[in-house]
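Dear colleague,

Please find below the structure I am handing over to you. My notes on the RNA-facing surface and on one of the pockets follow it.

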Amino acid sequence: MTAPVRVRFSPAPTGMLHVGSVRTALFNWLFARHHHGELVLRIEDTDTSRSRPEWITGIQDTLRWLGLDWDGNVVLQSQRFAEYRAAAEQLVEERAVYECFCTPEEIAARNDAAKAEGRGPGYDGHCRDLTAEDRATRAAERRPRTLRFRTPDDGASSFVDLIRGEVRVEWSTISDFVIVRSDGTPLFFLANAIDDLEMGITHVIRGDDLLDSTHRVLALRAALSPEAPPAYAHLPLILGPDRAKLSKRHGAVALEELREAGYLPEAIRNYLALLGWSPEDGREVLRIQELIELFDLDAVTHANAAFDHAKLDWMNGEWIRRLTRTELEAATMPLAERRYGPRLDLGLLRGALEIGQERSTTLGALLDQADFLFAADDDFVIAPESWAKVTRTERVAEIFDAVIAHLRTCDWTPDAIDPRSLLTDLGFEKPGKVLPSVYAAVEGRHAGLPLFESIHLLGRDRAVHRLEAARARLEA
RNA sequence: GCCCCCAUCGUCUAGCGGCCCAGGACGCUGCCCUUUCAAGGCGGUAACGGGGAUUCGAAUUCCCCUGGGGGCACCA
């Protein structure tokens, strides 16, 4: 390859990162790492009313957690406004951009009128050819002034997208667009074009929802500099289960929610990499290094993809099982600390991870099953549906009595704890069938971590105590 | 309304003219394993949206239709 690759991930800090934006970040990251290039993190906070500092730090936290590192300092567009203004004024002088004094209300009214006539929305060029005198008058009226880019009157805009191939649109369908607001702040188009130019971005990899805006950015870029623009690659969108575009208020899966629910970065990266891309050999469970080696823009698909939570679950389970015990512990610790606070017991947690690793799909689900270990006897509760199952169990009082007696004296190993032979002696042909009542008494749920190991972990006193409590409750 | 993008199992995808009466994965489902529930193992179910054209031959090329998605902001 020729010039070193330099890409950027440029989110707007208007909310938490969701799977769509993270997939974009991931593809940029994989592309940069694959080509030994650089990835810049640029925060597009030009909309000062919607941007919030906590989202900026939140975005960085999430990216770091996912292992998607970036090169150099984070660039904040809000700190470069002066530069954008200067460039815009220069464009005004060159007549590529003009002053527009239309108010939002006037534009909205004319759009409504256009709609009534069966035409679509879009700026009508009202202020396109204002004379110096017109402008002076309007300025004197203290009308708001925006700066609008003048799009070509005829011909077509065309560029070759790395994924889509040639994309062509008639200029007549693209209206003049605002690049500087009436309060003097820049818009996306301006800041984007200038920064891509100055940062030396070679490839722009982003969502397909920005495909149409590319023509405008490219025209603006051409007015700004004769330098060749970056190559563009528009990724198919990730859709919600309902097949609509993911948005903050609609079905978007926030990364922080996944993190809190116990999904692993390894699994999220792996799953997201497979949404719109697949390696030649068809393997699906891939380490990050393999992802970097195999990733290629050529293999990116063209069609939008629905986010499938069930497959993510499967993938997460795959990764939980691949973790070493130490890694699993490190991944679970933050969740467990938040969940159990001072009641967290490292020894018990390790025990739970040992018996739970092979059978869990999320860390959250694993901890759900481990809750019984950390509950004080006073606030240990048996789920209502599980208790119902207990009361429906035949001769359950007898079972409890026998198990209690057994636990008081047996050797304290999982094998010795196993009460089945004793239940067989009591006349139960399939002792396994009545065991769920014991699960409920000890674990608070009739289905959970393997019983004998669980009792062993819980300890003799606590186990006996819980069974006695359940036995007493039967009488009530 | 106009513009753009897209179109293989329910979902993610392989397929880039004959190897495909279409392969893999998730899901669903049957069986096995089994102390519950899972996890795991082995099977099964299930798709080329429709119509033309090109060709000896089309999931693969072209056109139309239909369908889905996106865009048309002083959001990005």
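**Surface near RNA strand B**

The surface near RNA strand B is made up of 27 nonpolar, 15 polar and 21 charged residues (Ala, Val, Leu, Ile, Met, Phe, Trp, Tyr, Cys and Pro count as nonpolar, Asp, Glu, Lys and Arg as charged, and the others, Gly among them, as polar; near means that a heavy atom of the residue lies within 4 Å). The model is a predicted one, with local features needing pLDDT of at least 70 and side-chain atom pairs pLDDT 80 or more, while totals for chains, interfaces and linings use all residues. Residues are numbered from 1 along each chain as written, chains are lettered from A and ligands numbered from 1 in the order written, and side-chain values use heavy atoms, without hydrogens and water.

Among the 63 residues around RNA strand B, those that come nearest are Thr46, Arg50, Arg181, Glu284 and Arg359.

For Ser278, the partner is a sugar or linking oxygen, at 3.5 Å.

α11 gives the most to this surface, with five residues (helices are DSSP runs of H or I, at least four residues, and strands of E, at least two, numbered from the N terminus).

**Second largest pocket**

The lining of the second largest pocket divides into 12 nonpolar, one polar and six charged residues. Its largest contributor is α12, with six residues.

Yours sincerely

Terms used:
Polar contact = N/O pair within 3.5 Å; in protein donor to acceptor, adjacent residues only side chain to side chain.
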